[in-house]
Structure formats: structure tokens, C-alpha cells
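Dear colleague,

The findings follow directly after it.

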Amino acid sequence: MAKIHAYLNFDGTCKEAFDFYSQVFNSPVTGTYFYDDMPTEPGSPELPESAKGKVMHTSIALNDATMLMGADVVEGFGMKLSNGNATYIMLDAKDADEARKLHAGLAQDAKVLEMELGETFFAELFSSFQDKFGICWMIHFEGNKKMG
């Protein structure tokens with residue numbers, strides 16, 4: 001089975017976001033490449049001014065099987081960033097302490113706090129929010145609410 005990794009796009013805040021996520025997840029950033037690092041090839045278009053200093057790719061390991069990756073979207077390359085709630089990263093915590101720690105870290109200065117961390121009919125602890133970088137998260141600890 002293929003592994004699933006989350007790839008996040010940012011509008012110039014990728015480095016700041018991954019420095020933040022590195023602290024929250026207590027995992028180092030592993031290899032950051034900037035658009036400025038791309039070698040120029042004969043006949044290739046010049047690097048847009050808007051790409052300079054922006055992250056082309058970066059990542060951190062959340063565990064042995066899951067990576068969080070990201071980049072800055074550069075309009076000069078024909079893409080435009082569009083944040084929304086079509087996708088959430090759902091973190092299934094191993095225990096209540098981990099759920100509280102993840103929520104406290106990621107929800108710090110959240111743009112939108114949809115649901116504060118608390119008990120629901122389906123989880124001992126659950127929260128959903130859009131972090132300060134516009135990324136949507138769910139924190140989940142099922143605990144004694146196991147279905148079936």
C-alpha cells in the first residue's frame with residue numbers, strides 16, 4: 001500500500017510555517033530547497049522575481065511512515081494559492097495528553113477555531129480549526145468512544 005503524505009502550499013510563509021510545525025511536532029525540518037537553488041538551464045525561463053527567497057520544497061517527518069511537506073506557490077509559475085476547507089489534516093492522537101499538546105501547539109493564534117478541544121459523542125477529545133497559516137486541522141483522540 002502506498003504511503004500518504006500531506007503536501008501543503010503557502011503564499012510566502014512556508015519557511016515560517018515549517019519552523020513552527022517543527023517545534024509543534026518536535027521534528028527537524030529535513031532539507032529545504034529554495035527556488036533560487038534551481039540551476040539555470042539554457043533556454044529555460046528566468047526565475048520570476050516573486051520566487052526569490054521562496055521555498056520550492058521542504059519537509060518534516062511526523063513519524064516513520066508520515067511526512068508533512070510544503071512549498072510556496074509562485075504566481076509567476078502560473079499557480080495561485082487558494083486556501084479553503086476542502087481538506088483537513090486529521091491527527092489521531094495516541095492518548096489525551098498528546099491530543100492536548102497537539103491542539104495547544106497547532107491552534108495557537110488560529111485564524112478560525114471551529115471546535116475547541118473537548119469531548120464529543122465520537123471521541124474523548126476532538127477539535128477542528130484553521131491554523132495561523134490557513135491550514136485546516138482536526139485533532140482526534142477516540143479513547144473510550146470506540147464504535148462497535
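Four strands form an open sheet in the order β1-β4-β3-β2, with mixed pairing. Strands here are DSSP runs of E with at least two residues, helices are runs of H or I with at least four, and both are numbered from the N terminus; two strands pair if DSSP finds at least two bridges between them. The edge strands, each pairing on one side only, are β1 (6–10) and β2 (33–34). Strand β1 runs parallel to β4 (residues 67–72), and five bridges join them. Within this pair, A6 stands opposite L68 in β4. Helix α1 (residues 14–24) packs on the sheet and touches β1, β2, β3 (55–61) and β4, where contact means heavy atoms within 4.5 Å. The direction of α1 makes about 5° with that of β3; axes are lines fitted to C-alpha atoms, for helices over the stretch in contact, and angles run from 0 to 180 degrees between N-to-C directions.

Before the remaining findings, two remarks on conventions. This is a predicted model, in which local features need pLDDT of at least 70 and side-chain atom pairs count only at pLDDT 80 or more, while totals for chains, interfaces and linings use all residues. Residues are numbered from 1 along each chain as its sequence is written, and side-chain values use heavy atoms, with hydrogens and water left out.

A further open sheet of four strands has the order β5-β8-β7-β6, and its pairing is mixed. At its edges are β5 (89–92) and β6 (112–118), each of which pairs on one side only. On average, neighbouring strands of this sheet are turned by 15° against each other, direction ignored. Helix α2 (residues 96–106) packs on the sheet and touches β5, β6, β7 and β8. The direction of α2 makes about 160° with that of β8.

Strand β7 (residues 125–130) is joined to β8 (residues 136–141) by six bridges, and the two run antiparallel. In this pairing F129 stands opposite W137 in β8. The hairpin of β7 and β8 has five residues between the strands, and in it G134 takes a positive phi near 90°. Strands β6 and β7 also pair in the antiparallel sense, over four bridges, and a hairpin of six residues joins them.

How enclosed is β7 by the rest of the structure? Six of the six residues of β7 are buried, so the strand is largely enclosed; buried means under 20% relative accessible area, exposed over 50%, and partly exposed in between (1.4 Å probe, protein chains only). In a regular strand the side chains alternate between the two faces of the sheet. In β7, L125, S127 and F129 point one way, whereas F126, S128 and Q130 point the other way.

Q130 lies in β7 and is the bridge partner of V112. The relative accessible area of Q130 is 14%, which makes this residue buried. A polar atom of the Q130 side chain lies 3.3 Å from the backbone oxygen of G134; a polar contact is a pair of N or O atoms within 3.5 Å, where within protein one must be able to donate a hydrogen and the other to accept it, and residues adjacent in sequence count only if both atoms are side-chain atoms. Not counting residues up to four places away in sequence, Q130 touches A110, K111, V112, I135 and C136.

F122, in turn, lies in the loop between β6 and β7 and is partly exposed, with a relative accessible area of 28%. With residues up to four places away in sequence left out, F122 touches H140, E142 and K145. The C-alpha atoms of F122 and H140 are separated by 9.4 Å, although these residues are 18 residues apart along the chain.

Finally, the cysteines. A search of the whole structure finds zero disulfides, a disulfide being a pair of cysteine sulfur atoms within 2.5 Å.

Yours sincerely
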